[in-house]
Amino acid sequence: MAHRVVTSPSLKPFFLKKPISVAIPQHQRRHTLPASEFRNLTPQDAVSVFEIEREAFVSVSGECPLTLEEVLSFLGQCPELSLGWFEEGQLVAFIIGSGWDKDRLEQEAMSVHVPGSGTVHVHVLSVHRHCRQQGKGSILLWRYLQYLRCLPGLRRALLLCEEFLVPFYRKAGFTERGPSTIAVGTLRFLEMEYRLGGVAYARRNSGC
């Protein structure tokens, strides 16, 4: 987040004769973790990813969008299409995507990464149960889409969602493409698309 410095015309500037130096003990500096960090995920993050995903989805639909093996596969093949939000070193929210090369998503897209394609299939967005209802999903999705704009060759992002989630993704800039042929058990989905044209908005830790 950018910070602006605001000055008041009624206040006169003053200057210190010498800079103030504050010594920070080495043991404190060595163990300090960033309060908030956004970065690509790695296979080492897979277990944390799957634990958050399982808790979020199994209780609602009985199914996880990705198995642990698929999480490991995607984070090994295309970590650059993922984004994790870490607070004090702990994963609190994440998105995992993969490459796809056809106009519409098909069943194969659920488990396959197509390198060098212009479409990102967004498989899953999930937030840790202790961090929900705080707007983190919207913030992470915004950062992810801006980050994708920085990657050469990408033209759009596709995802599947249930009807009750359409307003959430529509607010983020996705448009509806109609019902998907993909189903998981009794669950039916709508396909949504986000066009990646334009210039990304620079933001600290955005990856651009």
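Okay, let's start in the middle: the largest nonpolar core here has 44 residues, and Ile96, Leu148 and Phe174 are those with the most contacts inside it. By nonpolar core I mean a set of buried Ala, Val, Leu, Ile, Met, Phe, Trp, Tyr and Cys residues joined through side-chain atoms within 4.5 Å. Buried, by the way, is under 20% relative accessible area, exposed is over 50%, and partly exposed is in between, using a 1.4 Å probe and protein chains only.

Quick word on what we're looking at. It's a predicted model, so to speak of local features we need pLDDT of at least 70, and side-chain atom pairs count only at pLDDT 80 or more, while totals for chains, interfaces and linings use all residues. Residues are numbered from 1 along each chain as its sequence is written, and side-chain values use heavy atoms, with hydrogens and water left out.

Back to Leu148. Setting aside residues up to four places away in sequence, Leu148 touches Leu81, Val120, Leu154, Ala157 and Leu196, where contact means heavy atoms within 4.5 Å. There's also a second, separate core of ten residues, with Leu105, Val114, Leu158 and Leu160 among them.

Now the overall fold. The protein chain has five helices and seven strands, and along the sequence they run α-β-α-α-β-β-β-α-β-α-β-β. Those are DSSP runs numbered from the N terminus: H or I with at least four residues for helices, E with at least two for strands. Of the 208 residues, 38% count as buried. And among contacts with a separation of 6 or more, 68% are between residues 24 or more positions apart.

Is Tyr144 buried or exposed? Buried, with a relative accessible area of 0%. Leaving out neighbours within four places in sequence, Tyr144 is in contact with Leu81, Ser82, Leu83, Ile95, Gly97, Val120 and Val122. Gly84 is 60 residues away along the chain, yet its C-alpha atom and that of Tyr144 are separated by 9.2 Å.

On to the pocket. A pocket, on a 1 Å grid over the protein atoms alone, is an open set of points where a 1.4 Å probe fits, with protein on both sides within 12 Å along at least five of seven lines; lining residues have an atom within 4 Å of a point. Which residues lie nearest its centre? Of the 38 lining residues, those are Phe57, Val124, Leu125, Leu165 and Tyr169. Strand 4 gives the most to the lining, seven residues. Helix 2 (46-61) and strand 7 (187-195) are among the elements that each supply at least two.

Two loop residues next. Glu88 sits between strand 2 (82-87) and strand 3 (90-100), and has a positive phi of about 50° although it is not a glycine. At 48% relative accessibility, Glu88 is partly exposed. Gln133, in the loop between strand 4 and helix 4, also isn't a glycine and has a positive phi, near 60°. Gln133 is exposed, at 82%.

Last, cysteines. There are zero disulfides, a disulfide being a pair of cysteine sulfur atoms within 2.5 Å. Cys78 is buried at 1% relative accessible area, and Cys131 counts as buried at 11%.
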